[in-house]
Amino acid sequence: MMTNLAQMVYWKSLRRKGTRVNRHGPTILALAAVPLNMLDLTRHVLQDGGVWQNSHMYRPGCPHADARCLNALGATCFLATYLGFAALFASVLWSADLFAKARDGFRRARVAVV
């Protein structure tokens, strides 16, 4: 699903105008989101399949079952997942030119009021 979004963002970038960053930035963000989001899922699959035995997210014996008990691997997977979703969200908004459309809408609304 994420690779399909990255493909859609790429196809939209072929019609975009502007600098190289403005044209291909959304695509790079969408492509970066894929491995970031897949890191924790891959860890789960490898752990459940018995391929990667010592891949627990939490420190043993910690009384809390939240972010306070994450070990280094757990914190890395947690951070990668949230960064991946943020990158995917930003790439889709950037690709749709939502910021420019909102800016233009606010300008038109402000001119209509005055």
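**Salt bridges**

I searched the whole structure, a predicted model, for salt bridges (a side-chain nitrogen of Lys or Arg within 4 Å of a carboxyl oxygen of Asp or Glu) and found four. I used residue numbers that start from 1 along each chain as its sequence is written. For this model, local features need pLDDT of at least 70 and side-chain atom pairs count only at pLDDT 80 or more, while totals for chains, interfaces and linings use all residues; side-chain values use heavy atoms, with hydrogens and water left out.

I looked up Asp97 and Arg16, among the pairs found. Their side chains meet in a salt bridge, at 3.4 Å from N to O. Asp97 lies in the loop between H3 and H4 and Arg16 in the loop between H1 and H2, so the pair ties together parts that are 81 residues apart in sequence. Helices here are DSSP runs (H or I, at least four residues), numbered from the N terminus.

Are the two partners buried or exposed? I noted Arg16 as buried, with a relative accessible area of 12%, and Asp97 as partly exposed, with 35%. The cut-offs are under 20% relative accessible area for buried, over 50% for exposed, and partly exposed in between (1.4 Å probe, protein chains only).

I then checked the backbone of Asp97. Its phi is near 55°, a positive value in a residue other than glycine. The position is just after H3.

Another salt bridge joins Asp104 and Arg103, with the closest N and O atoms 3.6 Å apart. I recorded Asp104 as partly exposed at 30% relative accessibility. Arg103 is also partly exposed, at 42%.

**Asp40 in H2**

I went on to Asp40, which is placed in helix H2. Asp40 forms a salt bridge with Arg43, the closest N and O atoms being 3.1 Å apart. Both residues lie in helix H2, three residues apart, about one turn of the helix.

Asp40 and Arg43 are both buried; for Asp40 the relative accessibility is 15%. Which residues does Asp40 contact beyond its neighbours within four places in sequence? I found Met57, Cys77 and Thr81 (contact means heavy atoms within 4.5 Å).

**Helix H3**

I looked up H3 next. H3 runs over residues 72–95, which is 24 residues. From first C-alpha to last, H3 reaches 34 Å, close to the 34 Å expected at 1.5 Å a residue; the expected span is 1.5 Å times one less than the number of residues.

At the start of H3, I noted that a side-chain oxygen of Asn71 reaches to within 3.2 Å of the backbone nitrogen of Leu73.

The buried residues of H3 include Gly74, Cys77, Thr81, Gly84 and Ser95. What do the buried residues of H3 pack against? I listed helix H1 (2–13), helix H2 (20–48) and helix H4 (98–113).

Ser95 lies in H3 and is buried at a relative accessible area of 5%. Not counting residues up to four places away in sequence, Ser95 touches Val9, Lys12, Arg16 and Pro26. I also took the C-alpha to C-alpha distance from Ser95 to Thr27: the two are 68 residues apart in sequence and 8.1 Å apart in space.

Phe89 and Pro26 are 63 residues apart in sequence, with 9.8 Å between their C-alpha atoms.

**Surface patch**

Last, I looked for a nonpolar patch on the surface. Tyr10, Trp11 and Leu14 form one, with about 330 Å² of accessible area together. Patches are made of residues with over 30% relative accessible area and no salt bridge; like charges are joined within 9 Å and nonpolar side chains (Val, Leu, Ile, Met, Phe, Trp, Tyr) within 5 Å. The accessible areas come from the Shrake-Rupley method with a 1.4 Å probe, and for residues only the protein chains shown count as cover.

I placed Trp11 in helix H1. Trp11 is partly exposed, with a relative accessible area of 48%.

Conventions
Helix = DSSP H or I, 4+ residues; strand = E, 2+ residues; numbered from the N terminus. Polar contact = N/O pair within 3.5 Å; in protein donor to acceptor, adjacent residues only side chain to side chain.
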